Amino acid sequence: MAKKNIENEPCCSFCGRPESKVEHLIAAPGDGVYICNDCVDICREQLHEQKQPTADKVALLPPEQMKAELDKYIIGQDEAKRVLSVAVYNHYKRVNYNLRNVTGKDRNRDDERTVAERNIGDGVELNKSNILLFGPSGCGKTLLAQTMSKILKVPFAMVDATTLTEAGYVGEDVENILLRLIKNADYDIAAAERGIIYIDEVDKIARKSENVSITRDVSGEGVQQSLLKIIESTVSSIPPNGGRKHPQQDFIHMDTTNVLFILGGAFVGLDKIVADRLGKSRIGFGGVLHSEATDPDAMLPQVQPQDLIKFGLIPELVGRVPVTVSLRDLKSEDLVRVLTEPKNAIVKQYVKLLDLDGVQLEFDQNALTAIAEKAIALHTGARGLRTIVENAMLDIMYKVPSDKSIKKIIVTAETITNAAQPVVIKDAA
């Protein structure tokens, strides 16, 4: 029944005011339900507030604790983990500071002073410091970036730079990097704006020479130019369906000011550029020893911006990644530790898989060393360890589920190097 007052005048079903007291009274389909224009405005405001993403601070760990967490998943690279921990800590400390400025309140304080009141005479602006990782393939660059995002519980996206081209050319637009981050953040724009983007194989988009080419280099220098704005700070318009095939679609607007960009690459030959520079500037007793000049692990920590420019990165991009982290090649003993020590170590995974079948699996020390040396010979680093173990375990994994008499399997060096059968211990019964 319609809600009416004593004068038989329709009234708003929410606030109760009659039609004569409001500007507009809207009747709902059916009988007896009305809403006035003021109540509509209140509903709109409430819905708008609910849709606004919450810009929560990133839960930070001190650099020492952050490195300790990285140690649980990544073997070696201690110096790289130290540098990365400090750089990431400073970045997200800056992000939290900026969020505090936006809200006008310090969420960790009970007082209601504005940021301006707390920072009178300060005037310090914290700039973003993106990170460049370089080192041989399989040394842990990608894993470092992925693990850091898990520790901080922020969205993460990874892209291969070799798939990128300038807008308008066949390939992937630079804006699609941001779209991946938004998707991984479940379309929470506020969360995505505090995320981490890892761009791998960035050395593959280096200029072909130091001389400016008269032809278009749409997958090299052109991509570097396209990356400049989103890496530094911009409000980017991103097509939600990717690409530009749907011009009628509404764009997603995302601010990249607080997005941390980590660039990675092998940068093969960069050590020789460093050695040439040091050799020309230091002669005599202060010169570079031949053994040092041929050792990438000795040269890469001494990389300067001019070396990266000579390699083929444009100066503007080098200026936007001020933190450089060199990773050394993993040695045999490092790879053995990678096999056994991390929380998700490969050997631990296979031990668990066979344990589910009631079989005890053991790798003797010589087998672990053989796996590590085979990976070094293949120049695959830690990335190739799983393939080697997978091939060695294929027959075992094939037979065990069917043979219930098997109780223990011991993988030896012969199993790895000569494809010999492992030692199989069966139930005496």
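Predicted model: local features only at pLDDT ≥ 70, side-chain atom pairs only at ≥ 80, totals over all residues.
A salt bridge is a side-chain nitrogen of Lys or Arg within 4 Å of a carboxyl oxygen of Asp or Glu. A search of the whole structure finds 16 salt bridges. Lys67, Asp71, Asp78 and Lys81 belong to a network in which salt bridges link the residues.

Asp41 has a relative accessibility of 33%, so it counts as partly exposed.

Another salt bridge joins Lys204 to Asp203, at 3.1 Å from N to O. How accessible are these two partners, buried or partly exposed? Lys204 is partly exposed, with a relative accessible area of 43%. Asp203, in contrast, has a relative accessible area of 8% and is therefore buried, because buried means under 20%.

Finally, the side chains of Lys426 and Asp403 come together in a salt bridge of 3.2 Å, N to O. This pair links distant parts of the chain, with the two residues 23 residues apart. Lys426 sits in strand S12 (residues 423-426), while Asp403 lies in the loop between helix H17 (385-399) and strand S11 (406-411). Lys426 counts as partly exposed at 48% relative accessibility, and Asp403 is partly exposed as well, at 24%.

Note on methods. Residues numbered from 1 in each chain as written. Heavy atoms only, no water. Buried < 20%, exposed > 50% of the residue type's maximum accessible area, 1.4 Å probe, protein only. Helix = DSSP H or I, 4+ residues; strand = E, 2+ residues; numbered from the N terminus.
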